[in-house]
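Here's a quick briefing on how the inside of this protein model is packed. Have the structure open while you read.

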Amino acid sequence: MSPLDDLKTAIKSRLGELDCVIGWEQGYDQLHATPLFIRSEADLDRLVIGPLAVHNLATYLPGLRGKKVGIIVKGCDSRSVIQLLNENLITRDDLVVFGLCCSGVVSHRKIRAALPVDPGFVEAVDLSTDTLSITASGQTTILHMADIAADKCQICQYPNALIADVLVGSPQESKVLTTLACQEEFEAKSEAEKFAFWQETMSRCIRCYACRNACPMCVCRDFCISTSRDPLWLGQENTPGENMMFQLIHVSHLTGRCTECGECERACPVDIPLLLLRRYMNKQVQDVFEHRAGTALEQTPPLLTFKVEEEGIKERGW
Amino acid sequence: MKYITKKNLLRLTEELSSVYRVLAPVAQGGTVTFRRFHPGMTLDMHSRMAAVSAKMATLPQTESLLLVQRVEENKKPELTETLPQGKTLVMGARPCDARGKLLLDPVFITEKIRDQHFIHRRENSIFITLACDQPETTCFCHSVGSGPADTAGSDILLTLVGEGYVAQAISDQGQEIVTHSFFEDAQDRGQQAQAKHGHALELMGQAHDYSSAPAKILERFDDMDFWEVQSAKCISCGACTYMCPTCYCFNITDNDLGLTSQRIRTWDNCMSHTFTLEASGHNPRPTKAHRLKNRVGHKFSYYPDLYGGIMACCGCGRCIKQCPTGVDIRQIVNAAQEYAQ
């Protein structure tokens, strides 16, 4: 049986006790998957998994608190589930986790860059183990999965779900942990160059807050600091300065909590490389607190606790 | 019919940018958005539809309405109305952008209310539109009364033929522009453009009939179970609204900066909690299901009920294509239309 069949069998046996199981189905065209809320066996027929199932479904969990929910997670998504549990934002007893052993998902941006025409013109998609063949506007392009994998997949340390009531598929090996070229390139810039970079990039931002709402750890939801009017923490005008200010608030609020799932960057409709900020911040957290969010149950995020003396922070004897 | 080469269109855009504030599709960081065009930049008209619509030409995301200046603490402040200045030209809009712009008119220009800021921008903007060669998987303009070569709202319609464009002047202002020496006679290219228009429409397939949508959506108004199912995957962000050529809701904020302050108008979006939050703390649209019901209902039921049956949607598909979770407004309206008790 294929992992998908195994998964369907596992879900079928638990569906009766659950309000819904969150998975993926084909979206508006063959190239795009979309979240699927499985409520009946008929819905289950539409379930898909694989490299096009890009969404981190853990984002929905805090909003479904109080309901009995099943969720399908990739390795990276499972970190968000763990982090939410560690912060007491969801209840383990109300959750059934169907874990996947994941061999990576695609980056739609990389696909778009690699195709001769816009992927909006897609006509057919053929998926094999290592390649994705896409026909758009009558032209067929064969893309290698290694070239179009999301950045996070290229350095993935946790391909297999870290928390699962049912784990399907054969366990995958972790990738070599290196720094991504795009991150190195950005961090090598001078302060002035970085400033110019964000000035230009943030002038594209339309403050739709897709980055915020797609983030599984952005749990303030309707009570975000950015929409508070009194006090008016953040100017409502759409300027690079205010837009960047929002991003810095977002990043700060994720210190020690961000699981680097990349949903913020994936959700951005104008391709702002938001992970540059997240990865940088996560590296600081790793260096100072030796903490990587969502990798173990019972972890406490460093900023949600207090120590009189932090080992990693030199407070005296400068 | 006139004809202009690609090279001359760029030169024309450069020339026009000395008279108009030109907004044009520009590729940057892997995406295409409408940006202020300056000589020396390149146009990215073809590779893809701009991620954000050209709505900002007539309804900018942020605009100043009023300046308040208090010279001395105890004196009455001076109020200055800040009306928009100058003219805007949109180069390389799509027919959906141009049509979308028209759908805002009955809202901002009524017998009782005449929005001076909107009217100024509307009367001082020119749309040079590019006809679409082929539909994307998310396009459905032909189902909402438009089409890939719709001229509504455009001043000039360009159609790519060979290494240039057939230019069809639609308005008097468009007519004036095509008299420029960069344009030559289209000769038989006009027929080629016509053929392309027909072909593009054919590629779109059968149009969907939305005529029953207003009544059918209203029938589901109190059926929150329906809307909860439809909105399950929505994350309640504002991407769909801000991408949309026809979403016009705005917010007004007083940016208080001490002795001076500014009253600004910014885009608002009905998917946000604060959109209907009342001063008492009560929110008539407390969940994303309520909000998405409003978004879909407004476009396919309440607006057409108010304004002669026209859907408040131009079928550009940006809300579908750009949605982080792939919420498809066509599917939601279909579900309401096909709903069986």
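This is a predicted model: local features need pLDDT of at least 70, side-chain atom pairs count only at pLDDT 80 or more; totals for chains, interfaces and linings use all residues.

**Nonpolar cores**
- The largest nonpolar core has 111 residues, and the ones touching the most other members are Ala210(A), Cys211(A), Val90(B) and Ala167(B).
- The top contributor to this core is helix 10 (residues 288-306) of chain B, which puts in five residues.
- There's also a second, separate core of 50 residues, with Val69(A), Phe98(A), Cys102(A) and Val168(A) among them.
- If you skip the neighbours within four places in sequence, Cys211(A) contacts His250(A), Cys264(A), Ala267(A), Cys268(A) and Leu274(A).

**Helix 12 of chain B**
- This helix spans residues 329-337, and its buried residues are Ile329(B), Ile332(B), Val333(B) and Ala336(B).
- Those residues sit on the same side of helix 12 of chain B, because they cover an arc of only 95° around the axis.
- Their packing partners, also in chain B, are helix 7 (213-219), helix 8 (224-231), helix 10 and helix 11 (318-321).

**Where helices 8 and 10 of chain B cross**
- The two axes come within 8 Å and cross at roughly 90°, so helix 8 of chain B counts as roughly perpendicular to helix 10 of chain B.
- Helix 8 of chain B brings Met224(B), Trp227(B), Glu228(B), Gln230(B) and Ser231(B) to the contact, while helix 10 of chain B brings Lys288(B), Ala289(B), Leu292(B) and Lys293(B).
- Sorted by class, that contact has four nonpolar, two polar and three charged residues.

Terms used
Residues are numbered from 1 along each chain as its sequence is written. Chains are lettered from A and ligands numbered from 1 in the order in which they are written. A nonpolar core is a set of buried Ala, Val, Leu, Ile, Met, Phe, Trp, Tyr and Cys residues joined through C-beta atoms within 7 Å. A residue is buried if 20 or more other C-beta atoms lie within 10 Å of its own, exposed if 12 or fewer, and partly exposed in between; C-beta atoms are placed from the backbone. Helices (H or I, at least four residues) and strands (E, at least two) are DSSP runs, numbered from the N terminus. Two residues are in contact if their C-beta atoms, placed from the backbone, lie within 7 Å. The arc is that of the directions from the helix axis to the C-beta atoms. Axes are lines fitted to C-alpha atoms, for helices over the stretch in contact, and angles run from 0 to 180 degrees between N-to-C directions. Angles under 35 degrees count as roughly parallel, over 145 as roughly antiparallel, 65 to 115 as roughly perpendicular and the rest as oblique. Ala, Val, Leu, Ile, Met, Phe, Trp, Tyr, Cys and Pro count as nonpolar, Asp, Glu, Lys and Arg as charged, and the others, Gly among them, as polar.
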